[in-house]
Structure formats: C-alpha cells, structure tokens
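Hi,

Here is the structure I promised to pass on. My notes follow below it.

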Amino acid sequence: MRPREFALALAGAALAFVAAAADEEPLLRHRADIVVERPGAFVQLPLPVAAYARTQQPGLADLRVVDARGANVPFALLAPRPDEELRRERLREAALYPLPPRPPGSTAWPLPLELTVEGERIRVTRRPGAPALAGVPAGWVIDLGDPAARPADEPAPQALELQWSGPAEFSAAYRLEQSADLRSWQPAGAGQLLALAAPGGALTQPRVPLPAAPARFQRLVWSDPAAAPALSGAHSVRVEQRSRVLDEPVEIEVAASPEPPAPDSKQAAPGALHYDLGAVLPLVQLELQLPAGTQVAPVHVQARERSDQPWQGLAGAVAYRIERDGVLSRSPPLALQARARYLRIVPDPRAGTLDPARVPIRLRVQLSSVLFAAQGEPPYALLAGSAQVRPGALPLATLVPALDDERARFGRARLGDWQESEAALRQAEAGERREALRRWLLWAVLLAGVGGLGWMVWRLARGAAKPAQ
C-alpha cells in the first residue's frame, strides 16, 4: 500500500471510530428510587441537596424520570413559588360628632363632647346641656376609639372611610386636625371629597388619609360647609399586610473545609473560612454559627460556582453573639439571592481570626421539585449524572397546562437511596479509553499525512531530476 493510500485509510478509520463513539447514547451514572407517598395524576418530587450534588449540568438538565421498564416518563422542573404578599383591609366603626360653627372672633372651638377618665381608659360622652346643632355643621369630630383597647398586633388606622346621604354630586375641600385630649390640636393634612355621576355608575372619593401615628380624635373642618355632603357614618380603615411562604426553603448546615490552593495569589485571603456546599445551590439566607461566649465578627461573604472561577463578593455584615446577664443575642440571618457551590467568609483582620473548626454556617436554600406524570409502569426512578446527555425536562406549561387548578391535586413523593449504575461506570471507562485511543489515532493520522506529503515531494523532485539528466 502506498503511503498516500495508507494515510487516507488511517484517516477514514479515525473518522469512523469517532463517529461510532458519538452515536452511543450516554448513560446516567446515578439512580434513586422514587417512593410515591400520595398518588395523583401528577406527582411532585421535592429535590434534596443530594440530587443537586449528582447532576453534572447547569439547571438540572441531566435529570430523567423512568418507569420500571426504563422508559422515559414525561416530567418538568417546578421552581419554588415566591412568597405571597397578603393585604386585607379591616373596617371599624368610628363615632361621628357634628362640629358647631366657631363663634366670630373666638380662637376656641366649642365642642359638644367631654372626656371622662376611668382607670386607664378614657370615655367620651356628650357634654350635658350642649345645644342641638342648627343648620349645616362646620365639620365633624371623629373618635377612632381608645388606642389602649386595640389588640397589640393590630395596626393603627391608615384612613377614614366616610358615608353620606347626599347630594349626588359635590366637591368638598377639608382640612384635618388631630388631638389626643380634645384640647390641643395639631394639623394633620388636607384634601378633598368628591362624588360624580357617570353613565357607568357614581364615581366617589370617600377616603381621608390619616397621619402615620394618628391620635384618637380627628377634626375634619369643611372649607365651604354649604358644599359639603351630609355625613351619615364613618369607619376607620386598617390595612393588614403579611407575607406567606408558599414553598418553605430547606435548611442545611455546612462545616468549614480546608482552604483550596489559590490559582491566583491576588485571590488569596489570609484567615478566610471556606465552605464547599457539594453542589451549586440557590441561596436565600446565611447565618454564621459563632462559638459560645461573646463574639463580634465583621465579615465579607464571597461566592463562586466552580473552583477555577474568581471569587465574587455577595455581601458584608457584622455577625455577633452576645451574652449579657444570661440573655443571648444573635445577629439576624443575612438575606442572599445567589447561586453558588463554594462560599468564603473573609473576616476583618482588625477583629481577629475565626476558628474554622468552630464556625459552621447555616444556610437556607430554595430547591426545585420534579413534577412528573404518573404514566408508564411503576415504580419510578430518578436518574442523574451525565455531562453529555441532552436536556430531558418538558416546559411546565406543556406538562400541566392548568397549573394553578391542578396544584391542589398533586401527588407527593420522596427519593430513596442513591446508587451508581455499573453500566454507566463501564461506559465512562470505555469512553476514557476511546479518548486516549482517539488522541493516538489523530497523532498517527497527522504523522501519516506528513509522511505522505514528504513522499509526494520526493516523487516530484525525482521526476523533475530525470529530464535534466
């Protein structure tokens, strides 16, 4: 066989070898049985940290759900829901007292009310002998109620909602004053009430905003009493807002690990504490667990996803643990929004060093779930662990078109113990051998090509020399 033919044959063999290796479907290395605890048409499987640790692709792309026959089961990744903000208004009736006109030339405003102190409570009653109001009131005194009778967890009123009996249309400006004792009054704002008739129904603005810490008594004075509505009732408006956690984060504790060798001396941080979370996790909260005694540690928190990446700053905080008169105070957890596998806590050198053996960290991580359709032949299993396999999850809207309606009927499952697939291990070992052989074949093709090119140059030079002779 001539050198050129040999080189071509060798190149063809190398290409065929590489193509055969590329056609082989990668096997997933890790497997865990899925234990269905509550059946359903769609079953939610919360992923533990161990599942994240066994994936080899970003975004959990190498996960698979299979049935007892090994057939793929359709699934989607279900991200944690953000916390839900709940807002509820509570209305409480407030007492209305008409305000008589102010006498000409008088700075004091006669009020038809008086206060009676009964222990720790204040009672409001009409002043005995107060004359009945004739004509349109100049305004109104509104009693929000005794603050001492309000439950401790109830917020202060934020507004007044007024009711009136007419007219159908008006625009009435007012000024607001407030007092705790009906004697001294302070300005509390100004505004306008209005009502407009419209084809689609009446348009009204019945609310009077209150100051941040309203006093018990509010005095609403009309700018033009003749244009004002005839009030028939009032309610204080209390807005209750709270946050409801829909998907509770998972709490884990991680001990400090030995400091890895720094690829760049500029990235070194003497005295820093290093933590390997075992997987890239979505972090929402971090708490430094300081040892017993009084400890104050100003620190910077840094993170990265891979060990060959530079450190990125996340936050700075002062962690403390203070014991005083038998009472223990701790710094609040540090809120984070980051994805990381490696964390580094860098203390301020002016505050001393921290002992890695005595300072673990407590993390709250927001982990996703696998949602799969209960089809095929149970029992089911979760597979993970391949850098080459294609993403296997469906879009969530494709798997469950009516997600909000279906969520309440989801089944529930948990993962069993993880096992390694011997077939996947053998495939990985064979792949390593093929890779080594591929490199040798490529070198052989290169050398054969150089040899063939040299042979062709020699033949050409020899053919050119014969006519010259």
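A polar contact here is a pair of N or O atoms within 3.5 Å; within protein, one must be able to donate a hydrogen and the other to accept it, and residues adjacent in sequence count only if both atoms are side-chain atoms. This is a predicted model, so local features need pLDDT of at least 70 and side-chain atom pairs pLDDT 80 or more, while totals for chains, interfaces and linings use all residues. Residues are numbered from 1 along each chain as its sequence is written, and side-chain values use heavy atoms, leaving out hydrogens and water.

On to serine 386: its side chain reaches the backbone nitrogen of glutamine 388 at 3.3 Å. Serine 386 sits in the loop between strand E24 (380–384) and helix H3 (396–399), where helices (H or I, at least four residues) and strands (E, at least two) are DSSP runs numbered from the N terminus. Serine 386 counts as buried because its relative accessibility is 3%; buried means under 20% relative accessible area, exposed over 50%, partly exposed in between (1.4 Å probe, protein chains only). Beyond four places in sequence, serine 386 touches Pro26, Leu27, Leu28, Gln56, Gln57 and Asp62, a contact being heavy atoms within 4.5 Å.

For the whole protein, there are five helices and 25 strands, and buried residues make up 36% of the 469 residues.

Best wishes
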